[in-house]
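Reader: Can you walk me through this one? I'd like to start with the helices.

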Amino acid sequence: MLAFERRDKILNTLYREKKVYVANLAKEFQVTEETIRRDLEKLEKEGIVTRTYGGAVLNLHTNEDLPYQTRFTVNMEAKQNIAGKLQPLISDGNTIVADASSTVLEALKELNRTKEGLVVLTNSAIALSELAQSNIQLLSTGGALRKRSNSLVGSVAEHAVRQYNVDVALFSCKGISMVRGITDSNEAESHIKKEMLKQANKVILLADKSKFDKIAFVHFADFSAVDFVVTDEKPSDEWLRFFKDHQVDIVY
């Protein structure tokens with residue numbers, strides 16, 4: 001296993017468990033404890049963890065605006081799980097507006113493999129690059145490039161979104177709360193998500209289990225704006241009742 005692959009797996013463990021131990025990781029990956037310490041040192045330099053005696057703890061929380069390199073590697077299995085469950089909600093030939101989240105990118109990759117004739121308007125610079133040779137007809141919002149998230153934001157991007165009426169909006173978030181609604185960490189990103197939801201006949205939120213009962217900095221939508229939530233595991237009974245009361249269909 002290459003070093004970056006091992007660090008990705010360590011990061012996924014941290015994301016799930018919030019803390020890791022050097023001895024356990026060394027045993028799991030069959031490497032020396034010194035190798036694991038170097039991995040954790042690199043993650044600490046990137047601002048992702050704080051090293052502790054015998055291990056490390058996760059720094060990240062829902063208000064932090066993660067660099068896209070981190071977002072696009074964390075919790076990948078859950079994102080791909082969600083992407084696979086989305087299929088029945090999308091038809092051949094649909095027009096879609098898609099945000100710049102890593103979960104939505106995985107969904108678009110899967111849709112490219114399984115659907116035909118899709119037209120996608122997105123503010124994701126990564127999606128525009130990675131899907132450039134795909135079967136999807138891509139439209140860019142334009143706008144100012146936000147380097148940290150590789151997304152296009154600002155008045156130009158928002159104006160572009162308002163020019164299109166689409167079948168489906170695909171978006172994700174940093175947190176969902178029964179009290180505070182749907183939230184994200186960055187104001188500019190939240191503004192364009194708001195515009196996307198307004199332009200769609202069907203609104204689909206992609207949110208893995210880690211987003212439930214979390215509140216991030218900026219509120220940008222209530223559940224009244226959402227038709228479907230697609231997640232990777234069955235939510236609690238309390239959440240299932242909440243979705244039913246708010247007429248949101250849940251796919252898990």
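This is a predicted model: local features need pLDDT of at least 70, side-chain atom pairs count only at pLDDT 80 or more; totals for chains, interfaces and linings use all residues.

Reader: What is the angle between H8 and H9, and how far apart are their axes?

Author: The angle is about 10°. The axes are 9 Å apart. H8 covers residues 155–162 and H9 covers residues 187–198.

Reader: Which residues meet there?

Author: From H8, Ala 157, Glu 158, Val 161 and Arg 162. They meet His 191, Ile 192, Glu 195 and Met 196 in H9. Four residues of this contact are nonpolar, one is polar and three are charged.

Reader: New topic. Which residues touch the most other members in the largest nonpolar core?

Author: That core has 27 residues. Phe 171, Ile 176, Ile 182, Leu 205, Phe 223, Val 226 and Phe 243 touch the most other members. H8, H9 and E12 are among the elements that each supply at least two residues.

Reader: What is Ile 176 in contact with, beyond its neighbours within four places in sequence?

Author: Its contacts include Leu 205, Phe 212, Phe 223 and Trp 239.

Reader: Now E12. Is E12 mostly covered or mostly open?

Author: Mostly covered. Five of its seven residues are buried.

Reader: Which strands does E12 pair with?

Author: E9 is one partner: the two run parallel, joined by five bridges. Val 166 stands opposite Ala 200 in E12. E14 also pairs with E12 in the parallel sense, over three bridges. There, Leu 206 stands opposite Val 230.

Conventions. Residues are numbered from 1 along each chain as its sequence is written. Side-chain values use heavy atoms; hydrogens and water are left out. Axes are lines fitted to C-alpha atoms, for helices over the stretch in contact, and angles run from 0 to 180 degrees between N-to-C directions. Helices (H or I, at least four residues) and strands (E, at least two) are DSSP runs, numbered from the N terminus. Contact means heavy atoms within 4.5 Å. Ala, Val, Leu, Ile, Met, Phe, Trp, Tyr, Cys and Pro count as nonpolar, Asp, Glu, Lys and Arg as charged, and the others, Gly among them, as polar. A nonpolar core is a set of buried Ala, Val, Leu, Ile, Met, Phe, Trp, Tyr and Cys residues joined through side-chain atoms within 4.5 Å. Buried means under 20% relative accessible area, exposed over 50%, partly exposed in between (1.4 Å probe, protein chains only). Two strands pair if DSSP finds at least two bridges between them.
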